[in-house]
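Here's a quick tour of a few spots worth a look. Have the structure open while you read.

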Amino acid sequence: MIPELGEFALILALGFSFILATIPLYGAATLNALWMDYAKPLAKAQFTFLLISFMCLAYAFANDDFSVQYVANHSNSQLPMQFKLSAIWGGHEGSLLLWAFILSGWTLAVSLFSRGLPLDMLARVLGVMGIIATGFISFLLWTSSPFLRYLPRFPADGADLNPLLQDFGLIVHPPMLYMGYVGFSVAFAFAIAALLSGRLDAAWARWSRPWTNIAWAFLGAGITLGSWWAYYELGWGGWWFWDPVENASLMPWLVGTALIHSLAVTEKRGVFKSWTLLLAIFAFSLSLLGTFLVRSGVLTSVHAFASDPERGFFILVLLLLTIGGSLTLYAFKAPNVKSESSFGWLSREMLLLINNVFLVVMAITVLLGTLYPLLIDALGSGKISVGPPYFNALFVPIMSLLALSMGISGAARWRQTSISGLKKQLLVPAIISLVVGLVFPFIYGDGFNFRVFLGITISTWIIATTAKEFKDKFRNTNSITAKLSQLTLSYYGMMLAHLGVAVVAIGITLVSTYSEERDMRMAPGDKIELADYQFEFKGAKKVKGANFTADEGTIVITLEGEPVVTLYPQKRHYTVKRSMMTEASIDPGLFRDLYLAMGEPLGNDGAWAIRVHYKPYVRWLWLGGLLMALGGLLTVFDKRYRSKSSSEVAHA
Amino acid sequence: MTPKRQKRLYIILAIVFGTSLAVGLTMYALNQNINLFYSASQIANGEAPTDARMRVGGMVVDGSLKRSTDSLRVSFELTDYENTVKVVFTGILPDLFREGQGIIAQGKMDAQGVFQADEVLAKHDENYMPPEIAESMKAKKEVAQ
């Protein structure tokens with residue numbers, strides 16, 4: 001009964017989103033206030049019914065209703081409750097329902113927190129989101145309903161959730177990522193609304209900025225969590241694989257990063273307007289492309305679960321309609337968009353534009369590397385895959401250039417800046433970062449290393465220029481505390497996010513250069529030494545978990561005779577799925593991780609294949625990612641965005 | 001041309017130049033770093049180059065997995081149900097590696113016709129077959145019929 005209610009609620013939600021996609025937009029086009037007024041209640045109704053639908057699926061999972069196919073395929077009565085609930089998005093149908101649910105949540109949020117927004121703008125934004133929702137809910141209903149039943153005969157117990165997904169990571173990573181993916185639909189809807197109404201001023205930028213920043217922050221947090229999850233869960237200590245599905249989340253993030261900066265310029269200076277619109281369209285299109293890549297299974301990927309070509313086709317059609325429709329609209333309307341001011345060759349605007357270009361070029365190279373195998377295959381020239389060296393070869397130089405111009409643009413002024421002024425600002429940070437970059441590999445490592453020099457120099461450069469810029473804010477003030485509270489939250493958010501970039505760069509540089517790794521055959525009593533630590537294998541024993549049995553190794557780690565920690569990596573056997581899972585055991589630290597994983601048993605003397613990793617500064621990757629996300633989140637709480645509507649152009 | 005238009009022209013030229021440079025470099029990097037996929041039959045027919053990184057896919061032959069007793073060296077055979085290729089790998093095999101399962105190995109062919117793998121990939125889902133393997137096997141079947 002309950003699953004049928006879920007299905008009905010979904011159908012009703014489709015009805016409401018279809019009305020939302022038509023009536024308010026038509027009202028805005030004909031200036032009919034009554035029809036535009038329908039937008040808000042429709043957004044609420046759509047959210048309510050998707051909530052009901054989502055709750056029905058949650059109910060089916062919580063009560064082990066294995067007559068529902070989706071539940072039977074992704075859950076089991078032995079599964080702990082938190083995983084039963086996160087199993088809702090453990091497969092295709094449920095994650096799409098989550099997608100649609102989050103979309104309706106964003107729609108509701110826009111309708112609630114938009115007091116300053118003129119009625120026609122609100123109607124258009126919500127209407128565009130209604131169009132997207134119509135597409136996705138139809139997709140759910142026609143190709144991937146999570147409420148289908150096994151009737152009359154249904155399995156006595158479920159097939160269980162994939163063991164890799166039975167983890168805290170599954171609870172947080174997909175919802176975060178989807179919040180980001182779907183959040184870009186708000187930026188997209190604002191862009192389309194601006195094109196439809198022809199209104200694209202500082203007020204427009206101010207309305208769409210907090211939404212874009214928050215979506216970007218969620219996406220960044222989602223990617224960070226995904227990297228952390230892969231690190232400890234996949235059992236071989238990697239944190240980024242350039243896998244098509246990871247790339248699919250990185251591309252909208254890169255374009256989104258460009259977008260939030262371009263939006264800032266549009267708000268402050270009234271330029272880059274058409275560019276901002278284009279970025280908003282592409283950020284969301286890339287989010288859709290990401291969904292397509294994950295769900296269609298066209299690419300070989302660690303995320304590629306068994307898939308269905310019909311579904312891939314449906315998303316492809318949605319994708320083409322979105323990109324095609326919005327670009328056509330853009331082609332007709334964008335020429336009417338006028339800049340409100342000009343800027344010189346050497347100015348903050350120009351430097352931000354250069355940063356934008358770097359980010360977009362990076363996104364394009366990732367896109368090319370990801371889709372190239374598809375392209376070659378379509379041309380019939382064989383099966384290929386593009387390896388990580390390709391991405392690394394392009395990522396490192398482009399990101400280094402980006403970091404360089406990032407430091408300069410902080411020091412540059414709006415409109416026009418002078419070379420001598422820049423020199424004065426940047427000489428000290430440049431010297432500091434070169435010296436630190438040169439000295440660091442000798443102190444930390446054992447000799448000069450170009451990669452470390454480059455990575456540490458650019459990280460120090462970002463930190464030093466950010467610190468200098470911050471310090472200069474206090475030049476003409478004698479009350480530091482007064483100035484501190486005078487600076488806006490947006491400003492603090494920006495500082496935090498920029499420092500996050502430096503922290504990530506330090507992490508990437510050091511962990512990819514100074515990591516040490518050994519795969520060893522270890523019998524009980526065997527010892528090995530790695531990066532000054534001694535690891536002694538004490539043997540393995542059987543243990544039992546809620547829905548698995550495991551061999552658990554005991555490994556005592558000492559540093560110069562002093563005990564550090566004892567780790568217990570496991571090799572799990574999940575009984576229902578009859579599948580093996582490596583559960584790594586990690587001793588985390590701010591400056592280094594010790595990472596142990598068990599391979600397979602070897603021979604009869606109790607020996608095991610053991611993987612031992614020493615990973616310096618690996619935590620900095622995720623710390624930096626979270627700093628960036630936190631920075632993005634902070635900007636949203638800036639007072640400026642809460643002020644009442646004022647559409648006059650504020651030149652900052 | 002007004003100065004404003006002239007400036008705009010320069011910007012556009014710079015963007016076009018920069019993008020074509022980037023695309024050129026990207027294509028170069030791509031061609032240096034692609035891994036071609038070969039099936040066991042293609043290798044048996046001598047179509048695969050030695051000394052180039054590539055991928056081999058197929059089913060692990062039942063009973064072919066052999067472990068060395070004193071190191072992590074393993075060897076096994078991959079088949080596309082027509083020909084087989086011997087693969088040697090030193091390290092820890094992925095959790096879903098099993099005999100009879102479709103896997104992909106990445107590495108190089110050596111002079112003896114043995115594939116020296118530096119990476120072995122098996123997938124999350126036991127029903128999942130990498131599209132490359134599925135297709136090369138389908139092709140085999142069609143030829144056989």
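How many bridges join β6(B) to strand β7 of chain B, and do the two run parallel or antiparallel? There are 6 bridges, and the strands run antiparallel. Keep in mind that this is a predicted model.

**The strands in chain B**

Strand β7 covers residues 115-121 of chain B. With β6(B) it forms a hairpin, leaving 5 residues between the two strands. In that turn, look for B:G113, whose phi is positive at about 80°.

A handy landmark here is B:V56, which has B:A105 of β6(B) as its bridge partner.

Two packed helices are described by the angle between their axes and the distance between the axes. Here is how the pairs look:

| Helix pair | Residues | Angle | Axis distance |
|---|---|---|---|
| α8(A) and α10(A) | 168-197 and 244-269 | about 45° | 11 Å |
| α3(A) and α7(A) | 39-62 and 119-143 | roughly 30° | within 10 Å |

Start with α8(A) and α10(A), which pack at about 45° with axes 11 Å apart. That angle makes α8(A) oblique to α10(A). The crossing of α8(A) past α10(A) is left-handed. On the α8(A) side the contact uses A:L177, A:Y181, A:F184 and A:A187, while α10(A) brings A:S249, A:P252, A:G256 and A:L259. By class, that gives 6 nonpolar and 2 polar residues, with no charged ones.

Now for α3(A) and α7(A), whose axes cross at roughly 30°. Angles under 35 degrees count as roughly parallel, and so α3(A) and α7(A) are roughly parallel to each other. Their crossing is left-handed. From α3(A) come A:A39, A:A43 and A:Q46, and they meet A:L122, A:A123, A:L126, A:G127 and A:A133 of α7(A). This contact of α3(A) with α7(A) has 6 nonpolar residues, 2 polar and no charged.

Chain A has a mean pLDDT of 89, with 96% of its residues at 70 or more. The stretch to watch is residues 644-652 of chain A, where pLDDT stays under 50. For that stretch the model has 10 contacts beyond four places in sequence.

Key:
Residues are numbered from 1 along each chain as its sequence is written. Chains are lettered from A and ligands numbered from 1 in the order in which they are written. This is a predicted model: local features need pLDDT of at least 70, side-chain atom pairs count only at pLDDT 80 or more; totals for chains, interfaces and linings use all residues. pLDDT is the predictor's confidence in each residue, from 0 to 100. Two residues are in contact if their C-beta atoms, placed from the backbone, lie within 7 Å. Two strands pair if DSSP finds at least two bridges between them. Helices (H or I, at least four residues) and strands (E, at least two) are DSSP runs, numbered from the N terminus. Axes are lines fitted to C-alpha atoms, for helices over the stretch in contact, and angles run from 0 to 180 degrees between N-to-C directions. Angles under 35 degrees count as roughly parallel, over 145 as roughly antiparallel, 65 to 115 as roughly perpendicular and the rest as oblique. A crossing is left-handed if the near helix is turned anticlockwise from the far one by less than a right angle, and right-handed if clockwise. Ala, Val, Leu, Ile, Met, Phe, Trp, Tyr, Cys and Pro count as nonpolar, Asp, Glu, Lys and Arg as charged, and the others, Gly among them, as polar.
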